[in-house]
Amino acid sequence: YSSTTGNANTAAGAEALFRNTTGEQNAAFGNDTLPNSTTGSYNAASGATALFENTTGSYNTASGYSALAANTTGNFNTASGYLSLSNSTGNYNTAIGSQAVSSITAGSNNTALGGSSGTFLSAGSYNIMIGNQGLAADDHVIRIGDVQTQTFIAGIRGVTTGQNNALPVVIDSNGQLGTAPASGTPTVSVGTTTTGAP
């Protein structure tokens with residue numbers, strides 16, 4: 001409706017790409033998809049109100065009702081699923097699953113997989129959430145699973161590391177993995193012999 005010099009845009013649905021002026025190579029399918037985008041380019045929105053608030057953000061992909069709806073100037077974001085990725089200005093976020101990362105505002109480089117995964121993230125960056133809602137303060141955190149009772153990971157047992165400075169891994173009461181705290185040296189049982197940690 002408002003396009004002046006924008007090229008190669010495709011819009012289907014009421015007010016889809018309604019305010020686009022110079023943005024190029026956008027595709028909007030569904031009611032109110034990309035309606036506020038003016039100069040943003042290379043965006044793809046599919047689903048009612050997907051990328052609804054986007055104005056100048058580019059290279060975003062949103063699939064699902066209100067996916068990436070709050071994005072305004074963020075770039076290179078990918079959201080798939082109902083209400084996924086509420087990000088506004090962050091970049092390089094990926095959210096796959098219904099309501100995945102649905103509360104974040106400005107974080108970047110976050111990855112979430114699974115319904116409601118990362119839903120409690122607020123503004124952190126470089127988080128990886130798989131089947132876990134995360135915490136509002138999370139930043140540079142990896143969380144995998146939430147209610148599982150067993151973990152099986154191939155390629156660990158019987159495989160030695162490539163360095164001779166390996167340390168034993170411990171787990172605290174919060175479920176965080178790491179090496180032993182500096183205040184104490186844990187003992188490691190090997191067969192029937194107990195030795196100090198390397």
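**Close-up views of a predicted model**

**View 1. Nonpolar surface patch.** Together, I96, L113, I128, I130, I142 and I144 expose about 530 Å² of accessible area as a nonpolar patch on the surface. The model is predicted: local features need pLDDT of at least 70 and side-chain atom pairs pLDDT 80 or more, while totals for chains, interfaces and linings use all residues. Residues are numbered from 1 along each chain as its sequence is written, and side-chain values use heavy atoms, without hydrogens and water. Patch members have over 30% relative accessible area and no salt bridge, nonpolar side chains being joined within 5 Å; areas are Shrake-Rupley values with a 1.4 Å probe. Strands β8 (128-130) and β9 each supply at least two residues of the patch (strands are DSSP runs of E, at least two residues). I96 belongs to strand β6 (residues 94-96) and is partly exposed at 33% relative accessible area.

**View 2. Largest pocket.** The largest pocket holds about 810 Å³ of space (a pocket is an open set of points on a 1 Å grid where a 1.4 Å probe fits, with protein on both sides within 12 Å along at least five of seven lines; lining residues have an atom within 4 Å of a point). Of its 17 lining residues, I142, R143, I144, G145 and G175 lie nearest the centre. Strand β9 (residues 142-144) gives the largest share of the lining, three residues.

**View 3. Salt bridge R143–D138.** The structure holds one salt bridge (Lys or Arg side-chain nitrogen within 4 Å of an Asp or Glu carboxyl oxygen). It joins R143 and D138 at 2.7 Å, N to O. R143 is partly exposed at 25% relative accessible area, whereas D138 is buried at 5% (buried, under 20%; exposed, over 50%; partly exposed, in between; 1.4 Å probe, protein chains only).

Conventions:
Grid points are joined across faces, edges and corners, and a volume is the space filled by probe spheres set on the points. Helices (H or I, at least four residues) and strands (E, at least two) are DSSP runs, numbered from the N terminus. Patches are made of residues with over 30% relative accessible area and no salt bridge: like charges are joined within 9 Å, nonpolar side chains (Val, Leu, Ile, Met, Phe, Trp, Tyr) within 5 Å.
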